[in-house]
Amino acid sequence: MMLEKLIKLIHEEFPETKGNYIEDNTLIQDIIPLTSLNIAILLTSIELEFDVVLKPVSLRTCNTINDLCKLISIINNED
Amino acid sequence: MVAAYPIDVVNTDELSFNTIIERETFKRKIGISQRHTSNGRLTAKDLGIVAFRKLLTGLDWGVSDIDLVVSVTQSSDFAVPGNSFLYQKELKLRESCHLVDLNSGCTGFVQGMITLLSQGEFLNIKKAILIVGDTDILSDETRTESNKLIGDAVCAIAFEKTDVCNEYVYKNYNLGLEYSTIIARSSGARYCVNNNKNSLSPVINMDGSRVFSFIAENVIPFLKEFESEKEDKTEYYFIHQPNLMFHQYIIKKMNWETERCPTIISEFGNVSSATIPLTIIRHTKYIKCERIISLISFGVGLSCSALQMSMSPLDFVDEIGCLC
């Protein structure tokens, strides 16, 4: 469920990824270059969707979509 | 209230990006179509002098009427002395005129207003001028993304004591723990302790992602407290706009109506402490009668200020495009 929401969010925030098939083991760097702007977009949209404030450094530790999903889930449960 | 900004404009379409996608993402999320810039040819003081003069003419005030000047900028002509003394010299303000300089960025308009109002009360000031704003001379050109955000603008705002007692609600929040998020690291005495004085540089660096964390973790809870503490309902919110994405984020989290939160980001970019007054100038149609407004600013420090007040229609409003 969370994975589906995250993939939908990425497609919405980065329309250029709509042609890409994103799954849990897709490398984030392969679909979104992690520039400062793109990191800010991800942080903002994830906070709005999941009510989770990620640190930029935590985001950079995530290689795959699944890693990011797990991170959001962990922080969600901590709260 | 008068705004002065360079007449020259940089259109975002003219800027270099690594890819077309990057450009489109920038335009869509940051929301800046153009910025006014002097390309390093004008300082905040240059624009401030123009705004100050125009304001005095428009209100038919003489320089000898001014009892207090509060200058807010982080791009003053010199580290020492502050710009207020240069305004006094160039405009021939009275020698007994009170002069105050605040070194502040995006939070500066509200901080400047509070300083002016409290000093004005203490000193029984009749007429005062607040001058706020920056030019982009000090941004870090090697950081291409932040270098595309900042526009040049300075606003001069006149205050006159009246018999009407205006009540206001003010709240502030400061997080010095995160002072290095927006910093001119190679400036000042601390840098000289361990480095060659000849390598001093006033260039300002900003970590945009950490600014977002500050907004999400500190500014939003602060604003929720502010909202819960005031009795009157705000009719219009004039909010500092670092970029469109953060602006929309704040509005969404606070459940404020977009129509009540006017913006200028598309045409001016992030214009530091001049953002709020310039937004008021651009949207004076909202203040055709007495209104309850809230002014929300946040930035370097890190800091955040919120002020709710009633605002009557302004006596004089103008904008001046300055030749560079």
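**Exercise 1.** Which side chain of chain A meets that of Glu217(B) in a salt bridge?

*Solution.* Note first that this is a predicted model, in which local features need pLDDT of at least 70, side-chain atom pairs count only at pLDDT 80 or more, and totals for chains, interfaces and linings use all residues. Residues are numbered from 1 along each chain as its sequence is written, chains are lettered from A and ligands numbered from 1 in the order in which they are written, and side-chain values use heavy atoms, with hydrogens and water left out.

Step 1. Apply the criterion: a salt bridge is a side-chain nitrogen of Lys or Arg within 4 Å of a carboxyl oxygen of Asp or Glu. The partner of Glu217(B) is Lys55(A), at 3.0 Å from N to O.

Step 2. Locate the two ends. The pair crosses between chains, from helix H6 (residues 208-229) of chain B to the loop between helix H3 (36-50) and helix H4 (56-60) of chain A. Helices (H or I, at least four residues) and strands (E, at least two) are DSSP runs, numbered from the N terminus.

Step 3. Glu217(B) is partly exposed at 35%, and Lys55(A) is partly exposed at 38%.

**Exercise 2.** Determine which parts of chain B are tied together by the salt bridge of Asp67(B) and Arg94(B).

*Solution.* Step 1. The side chains of Asp67(B) and Arg94(B) meet at 3.4 Å, N to O.

Step 1. Asp67(B) lies in the loop between helix H2 (44-59) and strand E4 (68-72) of chain B, and Arg94(B) in the loop between helix H3 (83-91) and strand E5 (98-102) of chain B, so the pair ties together parts 27 residues apart in sequence.

Step 2. Asp67(B) is buried, with a relative accessible area of 14%, whereas Arg94(B) is partly exposed at 28%.

**Exercise 3.** Describe the aromatic pairs of Phe212(B) with Phe246(B) and of Tyr236(B) with Tyr286(B).

*Solution.* Step 1. Rings of Phe, Tyr and Trp (its six-membered ring) pair if their centres lie within 6.5 Å; planes under 30 degrees apart count as stacked, over 60 as edge-to-face and the rest as tilted. Over all chains, 9 aromatic pairs are found.

Step 1. Phe212(B) and Phe246(B) are 5.6 Å apart, centre to centre, with 35° between the planes, and the pair is tilted. Phe212(B) belongs to helix H6 and Phe246(B) to helix H7 (residues 244-254) of chain B, so this pair ties together parts 34 residues apart in sequence. Both Phe212(B) and Phe246(B) are buried.

Step 2. Tyr236(B) and Tyr286(B) are stacked, at 4.4 Å centre to centre and 5° between the planes. Tyr236(B) lies in strand E11 (residues 236-239) of chain B and Tyr286(B) in the loop between helix H9 (275-282) and strand E12 (291-299) of chain B, so the pair ties together parts 50 residues apart in sequence. Tyr236(B) is buried at 13%, and Tyr286(B) is buried at 18%.

**Exercise 4.** Which residue lies over the face of Phe17(B)?

*Solution.* Step 1. A charge sits over a ring if NZ of Lys or CZ of Arg is within 6 Å of the ring centre and within 35 degrees of the ring normal.

Step 1. The residue is Lys148(B), at 4.5 Å from the ring centre of Phe17(B).

Methods. Buried < 20%, exposed > 50% of the residue type's maximum accessible area, 1.4 Å probe, protein only.
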